[in-house]
Amino acid sequence: MKILLMVFGDVPVRFKIKSAFFENIVTPNMSGHQLITFGYNKGADIQIKPNEGIEKVLENLPKGWTPDVCIMWQIERYLLPRGIENVPFYTVVCMGDWDYDIQLTKNIIEMTDLVIALSDPEKEGLRAIGANNIDTFYFLGIMREYFNPNPKIIRDRTYDILYTSNALEDIIHLERTNWISRLAALADRYAVCVPEPCLNYENYLRLLSDSKVVLSYHRFGSMSSRALEAGVQGTVVLEPGIEINKYFTPNEDFIPITDNNYIEQIDQYLQNEDTLQRMSSRFYQKTTQTFESRKRFLSFLDFLESKIKKTKFTRGYNSLNEYEKCMRRGELYYYAFFRTNKEKVITHLSEELLTQSFDEFRKSIGIFPNPRAMTALAIVKASALFSLSPEKAQIDNGQEIISLLKTVIASYPAYILAYIHLGCIYYRLSNDSEALSMFYRALELLENYEGVIDVFCLHNRDFDLFNSLIRSSVNVHLASLLSGKAPQSADNVKILYQAMTLYLISLIEKKNNNIYKELEACMKSHKLFPQSGTIACNAAFLLAVVGMKDASLMMYKKAISLLPLRVKLRIEYANLLYLYKMDNELMNELKVIFHITKVITTLNTRIGYLNKTIAGYSRLKSDKRYPFDESKEVMINTWLEMLFASLRKNPTDWNIVKRIIELWNELGRTDKAAEILEEYSCNTLVGNDAADNILSDINNVNREINRKIIAEEKWSSEKLISLENLLLN
């Protein structure tokens with residue numbers, strides 16, 4: 001075959017994990033196949049600019065050289081060339097992280113002929129969002145230069161269990177974080193290591209070669225390339241997925257595990273090193289024989305040649321009207337900018353992608369003016385402003401973007417996302433009052449069913465809060481919606497936007513020191529989106545501050561289940577357990593924190609902070625000569641500072657006064673409690689409809705102060721007698 005191969009060229013990402021890039025193993029002639037490469041960077045046979053299309057590539061091909069197929073690998077992390085939908089030869093895309101931006105993936109599918117997925121679950125997922133022409137082939141491999149010629153014997157290896165990942169606290173794919181947490185819990189019995197993310201590749205391989213077993217996890221159950229990397233180092237794989245069964249034999253080549261049996265399986269094999277050694281040898285032999293990169297790529301080419309000879313392909317994009325084509329191209333350039341910009345995948349004028357996206361959306365408005373296209377245009381302009389010229393944003397206050405979104409609202413008052421996006425612009429420009437106005441109007445439309453959420457409107461990908469809070473969940477629901485099997489997914493997307501809006505309101509109320517309004521908005525957000533660890537974390541802290549003991553403890557447990565590796569969160573929870581004298585629970589939590597900070601190398605630095613925190617637990621010390629309780633004092637004074645700031649903002653809010661009095665009493669400062677009770681009770685009672693309830697609260701506080709005074713008088717009398725006796729002696 002004559003193959004046109006799209007490559008990344010001379011960019012750093014290509015050399016981080018060389019086996020992961022076809023271009024590192026191809027030659028112009030491979031087993032009868034002829035290959036020419038093209039791309040946006042130096043290092044390709046034919047280099048084009050981001051604003052140039054496939055026509056430019058074809059112009060530079062050797063005379064008479066016509067491709068049989070164009071292969072584009074990891075295209076979801078790159079940029080599909082303009083005009084690819086019109087070429088007179090087969091176009092094939094190999095996709096991995098296709099679920100990160102569903103709209104981008106859908107557009108790529110529509111513009112090309114054949115999609116290659118790594119596994120059957122991924123094949124079904126891609127089929128659900130529109131990939132009619134799709135097949136499965138495991139095209140990953142390991143370059144021969146990374147094969148360990150003499151793998152270390154299992155019994156001589158330093159680490160029992162290794163886990164590696166690109167993200168330790170993965171709030172997008174929580175199961176990764178859960179597996180790390182499970183392994184960390186085994187630190188009492190085994191030498192567990194979780195190194196820093198994105199470890200230098202050579203160092204990573206050395207660490208693999210010094211580990212007995214390694215956990216290989218993939219969110220779809222596909223066989224991760226990390227399993228192959230382990231195999232060529234003679235390291236045995238712990239695998240919770242099922243796709244690996246196609247290539248290797250469970251309990252002979254690798255160790256299959258589930259959420260329920262992983263401890264049993266780990267114990268069984270780590271306690272029998274002879275069995276583990278036989279498994280290591282088998283896995284090494286099979287991996288090196290079958291998954292050498294060059295051999296795997298040639299098998300892939302043979303597979304493709306057979307496939308395209310037997311199959312007729314159609315490109316769905318070509319059946320769209322011109323408006324839809326412009327919208328698709330606008331989305332493609334927009335999402336491609338954010339997928340390529342982080343790792344500088346396109347080195348030459350990648351910002352042009354936003355310009356091209358803007359131009360396409362402007363064309364679509366010219367054909368068919370509507371709120372989706374107009375809102376998309378505003379989002380692109382906002383991304384260009386905040387991503388490329390953040391200093392300019394504070395100067396011109398985003399007036400052009402604001403004007404555009406106001407036009408959408410004026411023309412289409414039921415289009416809820418225009419309000420939300422305008423609120424986000426105001427929020428980012430610190431115009432809190434206008435932001436709140438937009439957010440509350442959006443919520444009003446949502447709650448009264450008077451408006452509509454356009455689930456396929458462009459995502460605000462330059463806004464970090466969107467990315468960290470709801471991006472992953474929105475993509476999951478969009479995929480379900482496109483499958484046609486889950487019509488409720490549209491409502492789920494609507495709920496996610498509602499939760500994000502409420503969370504933004506809570507952040508604004510935090511800036512304005514309105515603690516109870518902040519808590520109210522945060523709790524409403526949590527109720528709508530209980531899967532968010534970020535929201536649960538904030539809610540837990542606020543519940544503790546306002547004195548809702550049981551609710552705060554429950555929320556901290558929920559937040560920790562969602563963010564199990566967030567040490568700061570766990571220490572907050574431990575401090576609360578200490579304050580409430582729940583010592584058994586405290587000891588269990590401290591044990592977990594020590595395990596996490598011990599085995600996760602990037603968290604080793606937190607051990608000092610943890611020890612300092614524990615040193616402040618004065619009540620637990622055997623030497624109790626000093627009554628000062630550092631941990632308790634720091635925590636309560638932090639809360640008091642927040643509450644006083646809120647009281648200055650809301651001087652007639654009796655709930656704040658009452659909580660401050662409770663905390664002063666907790667610190668034994670009855671003098672302060674009495675002062676604030678006297679100072680604020682009269683002002684608060686005037687004109688307050690809840691006067692009867694407030695009077696009841698005052699009586700309760702009065703009784704508490706009297707109790708404290710009696711106790712202090714008794715203590716003072718005893719101390720005076722003691723001191724007099726000392727003087728007499």
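Tyr78 is buried, with a relative accessible area of 2%; buried here means under 20% relative accessible area, exposed over 50% and partly exposed in between, with a 1.4 Å probe and protein chains only. The model is predicted, so local features need pLDDT of at least 70 and side-chain atom pairs count only at pLDDT 80 or more, while totals for chains, interfaces and linings use all residues. Residues are numbered from 1 along each chain as its sequence is written, and side-chain values use heavy atoms, leaving out hydrogens and water.

**Aromatic pairs**

Let's stay with the rings for a moment. The structure holds 29 aromatic pairs; rings of Phe, Tyr and Trp (its six-membered ring) pair if their centres lie within 6.5 Å, and planes under 30 degrees apart count as stacked, over 60 as edge-to-face and the rest as tilted. Here are two of them.

| Pair | Centre to centre | Angle between planes | Kind |
|---|---|---|---|
| Phe22 and Trp73 | 5.5 Å | 45° | tilted |
| Tyr40 and Tyr78 | 5.3 Å | 75° | edge-to-face |

Phe22 sits in the loop between helix H1 (12-16) and strand E2 (29-30), and Trp73 in strand E5 (residues 69-73), so this pair ties together parts that are 51 residues apart in sequence. Helices (H or I, at least four residues) and strands (E, at least two) are DSSP runs, numbered from the N terminus. Both Phe22 and Trp73 are buried. Tyr40 lies in the loop between strand E3 (33-39) and strand E4 (46-47), and Tyr78 in the loop between E5 and strand E6 (90-94), so their pair links parts 38 residues apart in sequence. Tyr40 is buried too, at 0% relative accessibility.

**The open sheet**

Five strands form an open sheet with parallel pairing, in the order E10-E9-E11-E12-E13; two strands pair if DSSP finds at least two bridges between them. Strands E10 (192-193) and E13 (255-256) stand at the edges with a single partner strand each, so one side of each has no neighbour in the sheet. E13 is joined to strand E12 (residues 236-239) by two bridges, and Pro256 in E13 is the bridge partner of Glu239.

**Two helices**

For helix H19 (residues 471-483), 13 residues at 1.5 Å a residue should span 18 Å, and the end C-alpha atoms are 19 Å apart, which agrees; the expected span is 1.5 Å times one less than the number of residues. Among the buried residues of H19 are Arg471, Val474 and Leu478. Just after H19, Gly484 takes a positive phi of about 80°.

Ile593 is found in helix H25 (residues 583-599) and is buried at 0% relative accessibility. Leaving aside residues up to four places away in sequence, Ile593 touches Val567, Arg570, Ile571 and Leu610, where contact means heavy atoms within 4.5 Å.

**Cysteines**

The structure holds zero disulfides, a disulfide being a pair of cysteine sulfur atoms within 2.5 Å. The sulfur of Cys326 is 17 Å from the closest cysteine sulfur, in Cys457, too far for a bond. Likewise, the sulfur of Cys537 is 9.3 Å from the closest cysteine sulfur, in Cys522, too far for a bond. Cys326 is buried at 2% relative accessible area, and Cys537 is buried at 12% relative accessibility.
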